[in-house]
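Please look over the structure below with this briefing at hand, which takes up a nonpolar core and then a sheet with its packed helices.

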Amino acid sequence: MPNVTPPSSKYKLIGKNYTTGDLYAKVTGKAKYAEDYRADGMLFCKLALSPMPHARVRGIDARAALAMPGVKAILTADELPAPANSINDNGTVILANPRGYQALTNEPLFQGQPILAVAAIDELTAAEAIEKIKIDLEPLPFVVDPLATLRPGGPNARTDGNAWVRLPPPPPKPGERPALTPPELQTVKWTSQDFEEAKQGRLPTGKPTEEWHVGDVDAGLKNAALVLDETFVTPNTSHQCLETRSTMAYWQNGKVYVHTGTQSTAQTVPAIARWLGVDVSNVVFISEYTGGGFGSKITGDITLVIPALLAKKTGAPVMMRITREEENFIGRGRPSLHGRMKVGFSKEGRITALDMYVICDNGPYDMVGDAFSSGRIVSVLYQPQAMRWRSVTVLTNTPPRSAQSSPGGMQGIAIMEPVLAKAARKLGVDQVAIRRINAPEGKAPFGPLTAGKQQYATSAFIKEALDRGAEQFKWNERKVNTGKRNGSKVRGVGVSMSTYSGGTTGFDGLFIIKPDGKVYIQSGVGNLGTESWTDVHRVVAELLGVPWEKCELTWGNTSKNLPWTCPSGGSQTTHAMTRAAHAVASDGILKLQQIAAKDLGGKPEDYVVANERVSRKGGGAGMSLAQAAQRAIKLGGVYDGHELPKDINNFTVVSATALSGQGLMAVAKDKYPHDGNTFSFVATFAEIEADVETGQYHILDFLAYADVGTVLHPRALGGQILGRSILGIGHTLGQKWVYDQQYGLPVSKRFHHTKPPTILDIPDKMAWAAVEIPDPETPIGSRGIGEPPVGGGCAAILNALSDALGDEVFRRAPVTSDVILASLEAGRPAQDPLRSNI
Amino acid sequence: MADHELTDPGCSHSNNSNLISRRDVIKSVIATGVVSSTSYLFRVSKVWAQASAPGAVDRLITLNVNGQQRRVDVMKQETLVMTLRYKLGLTGTKIGCDQAECGACTVLIDDVPYYSCSVFTHTVRDRKIQTIEGLAKPDGTLHPVQQGVIDEQGFQCAFCMSGFLMATVGFLKINPNPTRAELAKGISGNLCRCQDYDKILTAMMRGAENLRKA
């Protein structure tokens, strides 16, 4: 099946393939990632990791280590700056969580947590020094299973609690900025009676810490033609970026220079400043290339303070190389969700009521939003007529979690889709039809009532994606012969819907047209491989009518004056930064028109910018962009950046000020209206073949049909759609954490213990396509796509498996060969649906 | 189907019998009761100069890397990837796992792909080593397989790219006209965490086509 290249559009650059400006460096090995930098006199550091899942450091004896030749310094948790508050773009103060994750600790809360670090003249010496340090640890109670801690008398992950509870923000005091408080740590225990449900293999649903509902769920269930009550568990999975979070740092003239991977160049600067307790103006951050993030490096990683503080202490550059095993401990992971869904269906398959309960395995540190997101994603994607969502976010002594591509969305979809597939079979409704009847459309409502109203999407065209995808995949032909054994082989087809947030608003754009006639675009977007760092700026060239070859992009180094930019997480960038690009291009065009009118007469609106000129409409007088740039320098003021808009972020003010006087400066904030919440959608189709004698299965064919609005860069989009689909597929094929429950120690620590899909785990040709209906609430009409394919990839394979093998095979993901064989033999799902990390 | 063993750097029974794999060393270490956890590490200082012992290898050796003779001082336990990255300045070869799991460090040794994290430097003195930096011509003209990546916008973050490229170039030497499935199998020792396999395979197939036309 060929890839579908979206049809050509009204644009010259938008929607067209091109070669990104970073590719030559990548393909020749010249691209520098963090560990590729060297500095004179560079030291190396190594970490001492906790051997226990929970302990208290009673004493550290480093005398023998510090006496070794070549050992320069030790860094302990006592020397870290205290957690500091931050302020978001709205001026809201985000109060620091005193229980948040820090780079080093005196109370390790998971096995593998760094306790201290040593810097030495080489890595071998540093490692030998670590071996000589005596750390006196007092073992403390621990728990690695979220249900175990909820049981009466169950152990707690922290000495003072086991569950995060999100509190409503307090009303701001007069004259003070509004503040966001960290979640409250509480101790939550359920009753033995609550756990009676577990004996039937159903998730107990004791008292939740958070809940919302919309509509009459009880009536919806009562009036349903079919009610299903299903328990499903998704796995913990590590991000496993191929580039570990290695960092090199040094100080010069009071400024700290940090080389590390990030998803978001501009946004990492305030994070580094906050973590190190220095002013933003004293941070220089260099990250031109990042070896993957997937949510684990949204603003770099707090571990970077270790080499930075050791560099300060020793007066020398320090390189911290993070090993694959260390990355497993500190590289973050997606939390497992234990889910229970009670869903009512009409005889046509419409969801009359949905009662959702999730327990989130949060790890011991900062609260992740996966439980929260799972409810909203399920709400917007399946449009239940009534819905209740309840959750508990539980702490365990396992590595800290963070957002992982489609956080909460993937898990919610993986829990919900098998229910929908089972309902379709029971009701005799086609799998595509049952999704279409429940799919969102237009300004689709979702989530709880706020001031009597639900929030709503900006737009949704997933029905078109389902229709076109079913046609392209030949769904109706393929579904006929599935589930029939041919020898030991049996085929199955699966379809899944998927969605996630697809963009934010309110960021800045910045470029200069210089007297050489070129457009110098400043990009604050991180370069983690999605190519959004360059793709979004095609909008500037498109609107100015400038050939792409005449645009020079600067990125990846904050000493080069970059604008304030959205974090590249949650599929924000394509949406947020095409808006900023549109705003700044419009500013540039207006300034060109004004300059032309000043020099050549008439009004600004009499002029048009095209073909590298600003000229009078209908022909006549005009000037080249090069000439206009020279005039801008002479005019000064707003034209060359000496006067700046009042509403841009201070980060952009600093950058624009440094760049002023070099040409015509365009600088603007995205203030376009935006009615609704932006989501992107994917309809995913898969066919698998399973062998009932070996339990093995493989994917025969795969199509992801996306609704992402206007397509910016087809090849990059295809990489995102299929790449993130396969990340989701990994959760079905075999990725999970395994823990020794008795000692609280991880068994899966390396790639081969929990291996991401390889090139042999997928078909040798996969297909993607895009609906290409612009989103009406954003100027270019583009939405993001990083997150939405993940849930679809995972669930389409799950649904294809149940189509092939029946509904009584699995009750959790991943679905491995041994599960398939054992379940087929038992005639029921041979999986304990409730234990974690097995 | 090509002989898959040829591309398995962990295989100590390949045609290069004097290459010592990490697996062999681990076996010997276990046999002699010596515990070693320092294979990831290296020593740049003179503070801890290694004493010469009977049977010890020379420290100052000559390597043939990308057609150049390079003199380099190596420790006996030093792996090729560390020598390339930290002694010879060839940082295009990446360390993804340092334990033969991911293939990010793949280089060609006498035209055969090897995980350079699992090859001891002193075992490849008389070998022809090629890294990503040695693929393009001195005038900057890209190797046809590199050009395939440019043509198809292959790879996302590209941390795995040099490993995939070297594995592909090595595979194409024994099967210059593979099907997608054959090439996928040939480079299946390399992990891409961005999971951009579909586009990578398209780019590598284009590279194979470029190579045949060249």
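A nonpolar core is a set of buried Ala, Val, Leu, Ile, Met, Phe, Trp, Tyr and Cys residues joined through C-beta atoms within 7 Å, where buried requires 20 or more other C-beta atoms within 10 Å of a residue's own, with C-beta atoms placed from the backbone. This is a predicted model, in which local features need pLDDT of at least 70 and side-chain atom pairs count only at pLDDT 80 or more, while totals for chains, interfaces and linings use all residues. Residues are numbered from 1 along each chain as its sequence is written, and chains are lettered from A in the order in which they are written.

**Nonpolar core**
- The largest nonpolar core holds 299 residues, and those touching the most other members are Cys45(A), Val118(A), Val540(A), Val584(A), Ala706(A) and Leu801(A).
- Helix H16 (residues 573-600) of chain A gives this core its largest share, eleven residues; helices (H or I, at least four residues) and strands (E, at least two) are DSSP runs, numbered from the N terminus.
- Beyond its neighbours within four places in sequence, Leu801(A) is in contact (C-beta atoms, placed from the backbone, within 7 Å) with residues including Gly492(A), Ile688(A) and Tyr697(A).

**Sheet**
- Three strands of chain A make an open antiparallel sheet in the order S29-S30-S31, with pairing taken as at least two DSSP bridges between two strands.
- Strands S29 (607-610) and S31 (622-624) of chain A are the edge strands, each pairing on one side only.
- Strand S30 (residues 613-616) of chain A pairs with S31(A) over three bridges, and Ser615(A) has Gly622(A) in S31(A) as its bridge partner.

**Helix packing**
- H16(A) packs on the sheet and touches S29, S30 and S31 of chain A, its direction making about 130° with that of S29(A); axes are lines fitted to C-alpha atoms, for helices over the stretch in contact, and angles run from 0 to 180 degrees between N-to-C directions.
- Helix H17 (residues 625-635) of chain A lies across S30 and S31 of chain A and runs at about 90° to S31(A).

Note on methods:
A residue is buried if 20 or more other C-beta atoms lie within 10 Å of its own, exposed if 12 or fewer, and partly exposed in between; C-beta atoms are placed from the backbone. Two residues are in contact if their C-beta atoms, placed from the backbone, lie within 7 Å.
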